[in-house]
Amino acid sequence: MSVLAAEGLFFALMKSQRLYTDYSLDKRATLMALFRGVVDACDADPYLMRAAKWHGEKTQRSCPVCKKSALVELRYTFGEQLGQYSGRIKNLQELTEMESQYGEFQVYIVEVCRECSWNHLSASFVLGDGRERKPPRKVRTLEDEDYTTR
Ligand SMILES: [Zn+2]
């Protein structure tokens with residue numbers, strides 16, 4: 001049984017979940033390297049730490065490095081069918097809604113310790129109802145205006 005399944009994480013229950021990748025082996029290697037002082041994995045950039053503060057959802061797992069704090073998870077969504085919204089952080093309820101709105105998109109779970117900044121990609125999987133969709137029409141944003149020359 002995988003570490004993630006053993007921990008009973010919510011996303012094991014999502015109905016359209018497939019192509020699940022468990023990165024726990026990779027994590028173990030990173031941790032061992034960290035404890036040997038070979039790498040500094042506690043390098044969450046300010047953007048990631050801000051995202052963890054506002055969007056992170058608390059887990060039952062304590063930080064493997066400092067052991068002081070419970071890890072929070074961020075769920076990043078990527079996919080062609082998401083169009084310009086690819087790369088956004090989504091909560092559980094949004095993911096559940098997206099399952100029936102999109103044919104296929106990838107979810108990456110990143111765990112972050114808000115105490116010591118440990119961060120790691122812990123898993124990824126595919127969600128969606130399998131029906132091909134065109135990406136949503138691009139909506140003009142303020143950033144677009146900056147690059148428009150007329
Ligand atoms: Zn920590």
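The model is a predicted one, in which local features need pLDDT of at least 70, side-chain atom pairs count only at pLDDT 80 or more, and totals for chains, interfaces and linings use all residues. Residues are numbered from 1 along each chain as its sequence is written.

**The whole chain**

Helices (H or I, at least four residues) and strands (E, at least two) are DSSP runs numbered from the N terminus. Of the 150 residues in the chain, 19% are buried, where buried is defined as 20 or more other C-beta atoms within 10 Å of the residue's own, exposed as 12 or fewer, and partly exposed as in between, with C-beta atoms placed from the backbone. Among contacts between residues at least 6 apart in sequence, 59% join residues at least 24 apart; a contact here requires C-beta atoms, placed from the backbone, within 7 Å.

**The sheet**

Next select the five strands, which form an open sheet in the order β1-β5-β4-β3-β2 with antiparallel pairing; two strands pair if DSSP finds at least two bridges between them. At the edges stand β1 (18-22) and β2 (57-62), and because each has a single partner strand, one side of each is left without a neighbour in the sheet. Neighbouring strands are turned by 25° against each other on average, direction ignored. Now select β4 and β5, which pair in the antiparallel sense over eight bridges, and look for E111, whose bridge partner in β5 is H120.

**The cores**

Show side chains for A52, C63, L71, V72, L74, V110, V112, C113 and W118, the nine residues of the largest nonpolar core; such a core is a set of buried Ala, Val, Leu, Ile, Met, Phe, Trp, Tyr and Cys residues joined through C-beta atoms within 7 Å. The elements giving two or more residues to this core are β3 (70-78) and β4 (105-112), and the largest share, three residues, comes from β3. Centre on L71, which touches T59, R61, C63, E111, V112 and C113, not counting residues up to four places away in sequence. A second, separate core has six residues, among them L82, M98, F105 and L127.

Move to A70 in strand β3, which counts as partly exposed because it has 14 C-beta neighbours inside 10 Å. Leaving aside neighbours within four places in sequence, A70 is in contact with K58, T59, Q60, R61 and S62, and its C-alpha atom is separated by 6.9 Å from that of C113, 43 residues apart along the chain.

Finally, select E115 in the loop between β4 and β5 (119-127), a residue that is partly exposed, with 16 other C-beta atoms within 10 Å. Leaving aside neighbours within four places in sequence, E115 is in contact with C63, C66, K68 and S69. The C-alpha atoms of E115 and C63 are separated by 8.6 Å, although the two residues are 52 apart along the chain.

How values were computed. Two residues are in contact if their C-beta atoms, placed from the backbone, lie within 7 Å. Axes are lines fitted to C-alpha atoms, for helices over the stretch in contact, and angles run from 0 to 180 degrees between N-to-C directions.
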